[in-house]
Each structure stands twice: as C-alpha cells, then as structure tokens.
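User: Walk me through how to read this model, one feature at a time. Start with a single residue and what surrounds it.

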Amino acid sequence: MLNKIASILTRDYNISDGPLALKGFYSNHLFFAGNYFVKMTPGDIPASLYAARLNIVAKLHQQGFPVPQIIPTKNGALYTECDKAYVEVHARLADTHSTYSSALSLSQIAKIAHTIGQIHTAFDQMQSSSAALINSTSGKYLEKALDPRFADKLLEYQRVVDHIPYSPLRDYLEIELPSLRESISSLKPDSTPRGIVHGDLHDLQLLFDATGNLASLVDWENMHGRSRAFEIGFMLDRLSTDTKQLYHDTEVNMVHFHHNRAKVSTFLNSYSSQRALPAVNAIMGETLLEAVGRAAGFLERVFQKDVNYPLLY
C-alpha cells in the first residue's frame, strides 16, 4: 500500500517529499509524506457527494476558516482514486495536537463555538449550490423527529442497563425524562430546518497549535444535511463529559451535566453571538439523545455482552 500511495503522489501530484509513514486507521488509511498528509476513504459513497464535501472544505479554507488545506492534483482535481478508494492530500500542520474536552479552557470553548457559528453561516450561503449535501443522510434515525428517536435510543439503552445493578444515568433519566419528553414532543421536523453540518463534531476533531489557538477542524467525511441542533447537541455532549475517562465513567459524568454549566453556557453564548440558536429544547434533546445512545453502546462494550441475549454474571 505504501508503494501505491507513493506512486500516486508522484504521478498525480508531483510529490516525492520524503518517505511515507502509516499513521494508523479506523475507517480510513492515514499517511504522512513529509509536508503532506494523505487520507484514503473507502469509495462506498457516490463520487459526486464526496467531491461536494471536498469542494465545501476547499471554499471554507479559501475564506480563511481553520480547516484542512486540500492540495489539488496536477489536473486541478481535489482527489484521485486507488483500489476503489478516494485519495486526498492535505497540507500537513506542524506542531498541532488535539485535546480532551476536560482540558479545554473557557476561552478555547468560546473560540470553538464562535468559529462553528461562522461556519454554519458560511454553509447557509453555499446551500443553493449544495443540494446533494443538504439531502444526504448519515444515520438511520435522521428522518425521524426527535421524540421517536428518543424512544428508539431509550429502548436500546434500557436493554443494557436492566442487566446492570446500578446505573446513574438511568436514575437521572427517571427524574428528568418526563419534562424533557413533554418539551421535545412538540417539535416538528420543520421546526428544526436542515442545513449542512460537519456531522461528527467533538473535541478530538479540533487541532490546536503550541499556544493553544484553534488551528484546524478536521475529518469532514461525515458532512451531510441535518438540523443544527444536532451539531450543537453533539458537541455539548462532549463538553459535558470527560472523554478521557473510561467509557462507563462517562455515564456518571452525564448525570452531572448541569455541573458543567460554565462550559455549556460559554459555548451557547459564543455561538449565538454569530447566529441565532436553534430551539433550546431541541439542542438539549439532541445532547441527551447522544449521551443515551453512546452510554448504551459503551456499556455494552464494557461488559462485553450482546444485548440481544440474556446477560449472565
């Protein structure tokens, strides 16, 4: 694979910038090549949608936003192909790092929210030429309103926690869920209009430079059309838990969500300085929905059990 990537860099990019190194992979293969960062993404989405995502990232970079700088091929394309996968090349950012949400300062959170608000506004200005992204989906619950999605996630969560002697989040939900259900049940799909979202916005997608300034918001392959309440709620879930802790510990942290009001209010205030917030009950609903779904999956992994079968201790 390294030889293939090296050949592509030479052939399509005129890059022969030192030896290649495999950084690691989850759903993507990632490589370092001198001053460049190479990313391979499985070609399981239409090329038109993949190109639309890259075009938007390129436009954001041209407008000065902290996003990856995509290096075009010799022919001006933003990607090439190899073994039924898409290959894109970014300028490599030196001396940058990600950090866990628990280590983020309030000033960093304010800057993050300020930037996200500006990016959402920039997205709105691109929507007329981005219909494919607006209409794209990511996740089987996308077309459902918030309340039915809660029912699905709570059922998934309940199947796990019923077999655990003590569950702090279950206790929390028993107290808080009735009022939350009442508020979100009034939400209609058209009350949280769709727009382009990053799609996987959390603390480890943010790169900072040596002085702690936001250098880049990375990993845009989940960009799609969705309510902005989802994007904000997804980020608030990460700010209200310590992602460095063991997964089952994040359930305990979620119970103390309101103990993180400084972080949450800082994010919401800074975002709202750039654009109007979606309905607050939609944001908080998405935040708790994400926590419930994540807790169910993480608890299942912690106990190494399949929730479709009886759990034995």
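User: Leaving aside its neighbours within four places in sequence, which residues is Ser 216 in contact with?

Analyst: Contact here means heavy atoms within 4.5 Å. By that rule, Ser 216 touches Pro 66, Val 67, Pro 68, Leu 93, Gln 205, Leu 206 and Leu 207, once neighbours within four places in sequence are set aside. The residue belongs to strand β9, residues 214-217. Keep in mind that this is a predicted model, where local features need pLDDT of at least 70, side-chain atom pairs count only at pLDDT 80 or more, and totals for chains, interfaces and linings use all residues. Residues are numbered from 1 along each chain as its sequence is written, and side-chain values use heavy atoms, with hydrogens and water left out.

User: Is Ser 216 buried or exposed?

Analyst: Go by relative accessible area: buried is under 20%, exposed is over 50%, and partly exposed is in between, with a 1.4 Å probe and protein chains only. Ser 216 has 1%, so it is buried. Across the protein, buried residues account for 48% of the 313.

User: How many helices and strands does the protein have?

Analyst: Ten helices and ten strands. Both are DSSP runs numbered from the N terminus, with helices being H or I of at least four residues and strands E of at least two. To see how far the contacts reach along the chain, take those between residues at least 6 apart in sequence: 74% of them join residues at least 24 apart.

User: Let's do a helix. What does α2 span, and which of its residues are buried?

Analyst: The expected span is 1.5 Å times one less than the number of residues. With 16 residues, α2 reaches 22 Å from its first C-alpha to its last, close to the 22 Å expected. In α2 the buried set is Leu 49, Tyr 50, Arg 53, Leu 54, Ile 56, Val 57, Ala 58 and Leu 60. These pack against several elements, among them β3 (36-42), β6 (85-91) and α3 (106-126). Ala 51 also sits in α2 (residues 47-62), but at 21% relative accessibility it counts as partly exposed. Its C-alpha is 7.8 Å from that of Tyr 79, although Ala 51 and Tyr 79 are 28 residues apart in sequence. After the helix comes Gly 64, with a positive phi near 95 degrees.

User: And how do I describe α2 against α3?

Analyst: Two packed helices are described by the angle between their axes and the distance between the axes. Axes are lines fitted to C-alpha atoms over the stretch in contact, and angles run from 0 to 180 degrees between N-to-C directions. For α2 and α3 the angle is about 120 degrees and the axes are 11 Å apart. That pair is therefore oblique; under 35 degrees counts as roughly parallel, over 145 as roughly antiparallel, 65 to 115 as roughly perpendicular, and the rest as oblique. Ile 56, Lys 59 and Leu 60 of α2 meet Ile 119, Ala 122, Phe 123 and Met 126 of α3.

User: What about α7 and α9?

Analyst: Their axes come within 10 Å and cross at roughly 150 degrees, so α7 and α9 are roughly antiparallel. Arg 228, Ile 232, Met 235, Leu 236 and Leu 239 in α7 meet Lys 263, Val 264, Phe 267, Leu 268 and Tyr 271 in α9. Twelve of the twelve residues of α7 are buried. Ser 227 caps the N-terminal end of α7, with a side-chain oxygen 3.0 Å from the backbone nitrogen of Ala 229. Helix α9 has another partner: the axes of α3 and α9 come within 7 Å and cross at roughly 35 degrees. Residues in that contact include Ile 109, Ala 113 and His 120 of α3, and Ala 262, Thr 266 and Ser 270 of α9.

User: Last one: where do Asn 14 and Asp 219 lie?

Analyst: Both are in loops. Asn 14 is between α1 (2-13) and β1 (20-25), and Asp 219 is between β9 and β10 (224-227). Asn 14 has a positive phi of about 60 degrees without being a glycine, and Asp 219, also not a glycine, has a positive phi of about 60 degrees too. Asn 14 is exposed at 57%, whereas Asp 219 is partly exposed at 28%.

Note on methods:
A polar contact is a pair of N or O atoms within 3.5 Å; within protein, one must be able to donate a hydrogen and the other to accept it, and residues adjacent in sequence count only if both atoms are side-chain atoms.
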